[in-house]
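Work through these exercises with the model open beside you. Try each task before reading its solution.

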Amino acid sequence: MRDAVTSLIRNYDVAGRYLDRNALDTLKSYFTTGTSRVQVAAAINTDAAAIVRKAGAMLFEEIPELIRPGGNAYTTRRFAACLRDMDYYLRYASYALVAGDTDLLDERVLEGLRETYNSLSVPIGPTVRGIQIMKTLVKELAVSANIADTTFVDQPFDYMIRELSEKNI
Ligand code: CYC
């Protein structure tokens, strides 16, 4: 599991190079957003249950077929599995925000996920939508915490969205 600093050092070490201007810029941007990253992780921690509940409600309102007979989130067991998955995405996004790196998402969340989803007919499109909704809610929290530039919040959510949706077929 890597973070912004260990990833960068690893790349430079492999090449046997000193940290150049690019490296320093990357490090600077990581450290200047550091306090905000911790703040957002704290806000997620405080509100996690509410974020998942609200995002789930919004998702099922937008795509009601999911919870109707024949939908993948139909039956209380699958409904619960869906909210649990959303909770996984949110929790790991909060780790990745602090780490400033998406490596842990590959390692702990995304590996083998598409295959699992495909074998259980869990629809990818609506899952992606759920992650997008949570991203919006977390960005709202960041704005309420007076964080001026919230672009760093996008990274883990966009990464999971991209990895889940892209490698189609
Ligand atoms: C199931 N989701 C699963 C399963 C896994 C994950 C492994 C199969 C085993 C189980 O049911 O517990 C996901 N497990 C994870 C992830 C991690 C992990 C991400 C990393 C920490 O350990 N269905 C929908 C919605 C969507 C959904 C669109 C919610 C957004 O219609 C999710 N996932 C969903 C559902 C199931 C599931 C309904 C149960 C499917 C079934 O058993 O038929």
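**Exercise 1. Where is E163 placed, is it buried or exposed, and what does it touch?**

Step 1. Find the element. E163 sits in helix α8. Helices are DSSP runs of H or I with at least four residues, strands are runs of E with at least two, and both are numbered from the N terminus.

Step 2. Check the accessibility. E163 has a relative accessibility of 17%, so it counts as buried. The classes are buried under 20% relative accessible area, exposed over 50% and partly exposed in between, with a 1.4 Å probe and protein chains only.

Step 3. List the partners. Setting aside neighbours within four places in sequence, E163 is in contact with D106, L110 and R114. Contact means heavy atoms within 4.5 Å.

A word on the source: this is a predicted model, where local features need pLDDT of at least 70, side-chain atom pairs count only at pLDDT 80 or more, and totals for chains, interfaces and linings use all residues. Residues are numbered from 1 along each chain as its sequence is written, and side-chain values use heavy atoms, with hydrogens and water left out.

**Exercise 2. Describe how α5 and α8 pack.**

Step 1. Take the geometry. Helix α5 covers residues 103-110 and helix α8 covers residues 154-166. Their axes are 11 Å apart, at an angle of about 55°. Axes are lines fitted to C-alpha atoms, for helices over the stretch in contact, and angles run from 0 to 180 degrees between N-to-C directions.

Step 2. Name the arrangement. α5 and α8 are therefore oblique to each other. The scale is: under 35 degrees roughly parallel, over 145 roughly antiparallel, 65 to 115 roughly perpendicular, the rest oblique.

Step 3. The crossing of α5 past α8 is right-handed.

Step 4. Find the residues. α5 contributes L105, D106, V109 and L110. α8 contributes P156, Y159, M160, E163 and L164.

Step 5. Sort them. The contact of α5 with α8 holds seven nonpolar residues, no polar ones and two charged ones. Here Ala, Val, Leu, Ile, Met, Phe, Trp, Tyr, Cys and Pro are nonpolar, Asp, Glu, Lys and Arg are charged, and the others, Gly among them, are polar.

**Exercise 3. Which loops hold V153, S121 and N146?**

Step 1. V153 is in the loop between α7 (124-144) and α8. V153 is buried, because its relative accessibility is 0%. Beyond neighbours within four places in sequence, V153 contacts V40, L97, V138, K139 and A142.

Step 2. S121 lies in the loop between α6 (113-119) and α7. S121 is exposed at 54% relative accessibility. Its phi is near 55°, a positive value in a residue other than glycine.

Step 3. N146 belongs to the loop between α7 and α8. N146 is exposed, with a relative accessible area of 70%. Phi of N146 is near 65°, again positive in a residue other than glycine.

**Exercise 4. How many aromatic pairs does the whole structure have?**

Step 1. The search finds three. Rings of Phe, Tyr and Trp (its six-membered ring) pair if their centres lie within 6.5 Å; planes under 30 degrees apart are stacked, over 60 edge-to-face, the rest tilted.

Step 2. Y30 and F31 have ring centres 5.5 Å apart and planes at 50°, so the pair is tilted.

Step 3. Y30 is buried at 15% relative accessibility, whereas F31 is exposed at 56% relative accessible area.

**Exercise 5. How many helices and strands are there in the protein?**

Step 1. There are eight helices and zero strands.

Step 2. Of the 169 residues, 43% count as buried.

Technical notes:
A crossing is left-handed if the near helix is turned anticlockwise from the far one by less than a right angle, and right-handed if clockwise.
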